[in-house]
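Please look over the sequence and the structure shown here before reading the short report that follows.

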Amino acid sequence: MNILELRNLHVTVMNKPILNGVDLSLKAGELHALMGPNGSGKSTLANVLAGRPECRVTAGQMLYRERDLWPISPEERAREGIFLGFQNPVEIPGVSNLRLLKEAYNAQRRHHRQPELDAVAFRAHLRDRTAQLGLPEEWLLRPVNAGFSGGEKKRNELLQLMLLEPRLAILDEIDSGLDIDALTLVAEGINALRSTERSMLLITHYPRLLDQVPPDRVHVLMGGRVMLSGGMELARKLEQQGYGWLEEMVT
Amino acid sequence: MNDRPVITSAMARSYKHGFITPIPSDTIQPGLDEKVIQWLSAKKQEPDFMLEWRLAAYWHWLGMTEPSWSSVRYPPIDYQAIRYYSAPRSANPNAVALKDVDPALLATYEKLGIPLDERLTLAGVAVDAVFDSVSVATTHQKKLAEMGILFCSMSEAIRNHGALVRRYLGSVVPPGDNFFAALNAAVFSDGSFCYIPPGVRCPMELSTYFRINAAGTGQFERTLIIADEYSQVSYLEGCSAPQRDRHQLHAAVVELIALEGAEIRYSTVQNWYPGDAEGRGGIYNFVTKRGECRGDHSHISWTQVETGSAITWKYPSVILRGAGSSGRFHSVALTNHHQQADTGTKMIHIGADTRSTILSKGISAGHGHNAYRGLVKVLAGATGARNHSQCDSLLLGEHGSAHTYPYIEVKNRTAQVEHEATTSRIDEDQLFYCRQRGLSNEEAVSLIVNGFCQEVLSELPMEFSVEARKLLAVSLEGSVG
Ligand SMILES: Nc1ncnc2c1ncn2[C@@H]1O[C@H](COP(=O)(O)OP(=O)(O)OP(=O)(O)O)[C@@H](O)[C@H]1O
Ligand SMILES: [Mg+2]
């Protein structure tokens, strides 16, 4: 079964066309990489899948587990297993990581008619995951992303991912801003989450992460479309040659 | 629009304390004149000095006009249409044990989450329960008395601790201070009294829970707290009222006196009935709260979470008379639907090296109107005085309004006064982030608003900050589409 299927997807942001007919499908258990130059619409694609209100679908279809995503609210998409790791995670002053994590986790459990976890049980549940990411316990009491370094924010996204265990994880430049050790930690985290039940779309600019997390397929987004798809060799070619050679194909 | 009933019922659901206790009560006819005051004073078996004090305030009040400088708008109040006294017939002014209190009253407080049975109360909290015009019970009095702490209703204090009352009552808020304070001085019916002897650190939170029950009455309570030298006390006030279509007036006065080295922390969680989604009904809350740091190195802090009332008009203030004394004001005011709040503080620096801090968080949802009004005044003698003020406003939706009116008067050149203000709309990126993690729009708004208020909420005693958070969430219901 296709977890995600995009057919001729057209999206505008503030009336400006950004995506002009994206076709893409992702099967259960697959991990795909999405590459493309700055401003080509990668984040827009991630956002429209998560339901950001500013992204308007003007034509085409987005199917998630054979269900049309368009009428579904962002929160329901999330509770149904779509997770977006943000390129620029936002700061929420005064709200602790713990609080957001607990509310998110329990919202999902309510949705699936499972009992909510109380504060004690939740912390125990969280402990292994924070340890795995090398995050100190105090981390949880800090306000969400406030004053976090770029790399810390990305680790925080990964912590949320590990907690929420989505069916479809879209990770928008989860590797940017990470030091070498953190990159390995994040890669290990992603690999640990790979399963036949879970699909992932990794948005990245460099094959560095892909070397540690081998993708099933690599796509290049240009001119608001998936221009080209291939394997790891495509990622390497882009690293060496950039996007210039593809430009001609756009026009 | 056929979504109106839905909104109204959502609002009805959200005010959980809107029930009425059916209980026979002694209520006087509407109207106010000298006879009413004489009757009231006699009813309470007050000494002569109190009657004279009340009458003087009444005469003063007759010559005053209702203040019009604030930004709140409401139709004229007919002071002759208000009943100035209502008490449950069963209220027993001499009740010493809980078994002497009417079970219907106990049940009311139980339902409000304030059990008066000492075995069931929150650990470490003593409660004075005021029902309409009278105090019906005060818990833990014996235990407190062992340490010399007096905690009782105002009526009892007037009867039994006349000398203290006479010395301090009206010494911070004089009877003629302002229109509502003068009215209160003339007709106040009960409230709480508290005295902490020198060097004593009060071992429990003291609190008063005000309940308006009867229709057509006003509640006029008066609270007096005296912290003698080097004593400490933390005090909390809560309140609620039934859901009614008619407005009801609440005009209270609170006076705090901190002597040398003493510390008073006063917290309020104000949850008077706010009216319905269309602005019908709700409490008009006109309150004068003022503390005086009378002794050197004394400290007074006000923390308030204002979510209720149709109109809130209050400016808890501190007179910093003692050298090195300090005052703080922390406030969250949330207005939803058609609620109006004009609230803030006055910090009057008289003594040398006095310090004050103001932190105000205003949230406007629906057609809510929210104004911060604050005065920082540094007198000529207040060498080295310092103030820092921070006023943040958050707007939810398109129809609410937020205003900041900071007044600063500095007569001493060594003083440092800083004022910062921000106004923002709720951040769409934050909302989307939370929703992407599975929170509903309403849960996301509530979480973000809670974060916005965090610094103030963390000033509340633990048990109450949890309550305040829930109350904020409930008060925001129906504020987002
Ligand atoms: N709110 C907005 N208003 C107008 N234009 C927007 C808005 N948001 C995004 N865009 C535009 O949409 C285009 C695609 O942006 P997007 O962020 O999706 O690119 P990207 O491929 O993720 O780039 P990068 O590699 O730099 O992250 C850009 O030209 C951007 O300027
Ligand atoms: Mg991007």
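## A helix pair

Axes are lines fitted to C-alpha atoms, for helices over the stretch in contact, and angles run from 0 to 180 degrees between N-to-C directions. Helices (H or I, at least four residues) and strands (E, at least two) are DSSP runs, numbered from the N terminus. In this predicted model, local features need pLDDT of at least 70 and side-chain atom pairs count only at pLDDT 80 or more, whereas totals for chains, interfaces and linings use all residues. Residues are numbered from 1 along each chain as its sequence is written, chains are lettered from A and ligands numbered from 1 in the order in which they are written, and side-chain values use heavy atoms, with hydrogens and water left out.

Helix α5 (residues 150-164) of chain A packs against helix α6 (residues 180-193) of chain A at an angle of about 15°, their axes being 11 Å apart. The helices α5(A) and α6(A) are therefore roughly parallel to each other (angles under 35 degrees). R155(A), L158(A), L161(A) and M162(A) of α5(A) make the contact with L185(A), V186(A), G189(A), I190(A) and L193(A) of α6(A), where contact means heavy atoms within 4.5 Å.

## The magnesium ion

The magnesium ion (ligand 2) is coordinated by S43(A) through OG and by Q87(A) through OE1, at 2.0 to 2.1 Å; donors are N, O and S atoms within 2.8 Å of the metal (3.2 Å for Na, K and Ca), and water is not among the atoms, so sites may look incomplete. Because S43(A) lies in helix α1 (residues 42-50) of chain A and Q87(A) in the loop between β6 (82-85) and β7 (92-96) of chain A, the pair ties together parts that are 44 residues apart in sequence.

## Lysine 237

K237(A) lies in helix α8 (residues 232-241) of chain A and, leaving aside its neighbours within four places in sequence, is in contact with G242(A) and W245(A).

Definitions and conventions: Angles under 35 degrees count as roughly parallel, over 145 as roughly antiparallel, 65 to 115 as roughly perpendicular and the rest as oblique.
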